[in-house]
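Here is a short briefing for a first look at this structure. Keep the sequence and the 3D view side by side as you read.

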Amino acid sequence: MAKEYPKANYKEYRESRNPYAPKIRELELAPGPKTILVDESSEKNRGEWRKFFARDGLLNLELGAYHGETSIHLASNAPENLHVAIEWKFKQCYKAGKKARDKDLENLTFLRANIARLPWVFAPGELDRVWILFPDPWSKTNQQKWRLLQPGFFHMLGALLKEGKELLIKTDHADYAAFIAESLQEANCFSPMDKELAASRWALIPPTPFERIFMRQGKQMHSFALVRNANPVKPPEEVQQVLAGS
Ligand SMILES: C[S@@+](CC[C@H](N)C(=O)[O-])C[C@H]1O[C@@H](n2cnc3c(N)ncnc32)[C@H](O)[C@@H]1O
């Protein structure tokens, strides 16, 4: 089983010809709540996200936010918290940022960014809670190297979360769930959360858009509610310097 994330994924951003690229830039520059940051702009608040939101608060991060439904729900229901959400696809991210803006949400920003660039976006220990809901499973054997949730990725997340901070993951994909469990065991930097606490965290979010599809298909869900433990981490070489430079 491939367990090394391709190095090319850590690369910097290039200008895109995606038809939503100019629209998303326009939204980013519009006056009003900063509900969207694009590519290199997503890396300008590293270590200073609380300054960006102009207040303190528990910092949530959602990875693979799609149209933004879950993060908008979290941000609307917990205005005392701060929320950052990452989505790679221009159109989806544009829609998410637009919705958050139309709702005047001042505690949420969407990043059109690559999850692999996380260490450029956040400083070590900056995050409080990370949500990863229905990550792409990359089912075919020759695609499995693209799976995000590999041991090196958990080490990278482990550097961004202090001891006791939380990681919540859900997938419908039995093979990916087994791969995640194996990767977590190998990384050894997250431990299962207390059951009651886990139930209270899952109660914070309604079924996601992908989850609703999988529910209709009668699929079984696999969830991981975890806390960062005290074990040391060894993030991938490509990001070690970035993390150390904080
Ligand atoms: C299967 S969808 C799940 C969406 C949503 N979380 C849900 O449960 O409905 C996975 C999402 O992750 C995004 N994604 C995948 N790889 C990414 C990456 N490297 N950086 C940013 N977003 C990524 C995809 O564009 C897609 O919107």
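This is a predicted model. Among contacts in the chain with a separation of 6 or more, 81% join residues 24 or more positions apart. Buried residues make up 41% of the 246 residues.

**Overall build**
- The chain has 10 helices and eight strands.
- Its radius of gyration is 17 Å, close to the 18 Å that the globule rule gives for 246 residues, so the chain is as compact as a globular protein of that length.
- Along the principal axes, the C-alpha atoms fill a box of roughly 45 × 45 × 35 Å.

**Helix α1**
- Helix α1 spans residues 21–29, and Ile-24, Leu-27 and Glu-28 are buried there.
- These three cover an arc of only 105° around the axis, which puts them on the same side of α1.
- An α-helix has 3.6 residues a turn, so residues three or four places apart point the same way.
- The buried residues of α1 pack against β1 (36–38), α4 (90–102) and β4 (108–112).
- Pro-22, Glu-26 and Leu-29 are exposed, on the face of α1 turned away from its buried side.

**Around the ligand**
- The ligand has 18 residues around it, and Gly-64, Trp-88, Phe-134, Thr-208 and Phe-210 come nearest.
- The largest share, three residues, comes from α9.
- By class, the shell holds 10 nonpolar, four polar and four charged residues.

Terms used: Residues are numbered from 1 along each chain as its sequence is written. This is a predicted model: local features need pLDDT of at least 70, side-chain atom pairs count only at pLDDT 80 or more; totals for chains, interfaces and linings use all residues. A residue is near a molecule or strand if its C-beta atom, placed from the backbone, lies within 6 Å of it. Helices (H or I, at least four residues) and strands (E, at least two) are DSSP runs, numbered from the N terminus. Ala, Val, Leu, Ile, Met, Phe, Trp, Tyr, Cys and Pro count as nonpolar, Asp, Glu, Lys and Arg as charged, and the others, Gly among them, as polar. The radius of gyration is taken over C-alpha atoms; the globule rule is 2.2 Å times the number of residues to the power 0.38. A residue is buried if 20 or more other C-beta atoms lie within 10 Å of its own, exposed if 12 or fewer, and partly exposed in between; C-beta atoms are placed from the backbone. Two residues are in contact if their C-beta atoms, placed from the backbone, lie within 7 Å. The arc is that of the directions from the helix axis to the C-beta atoms.
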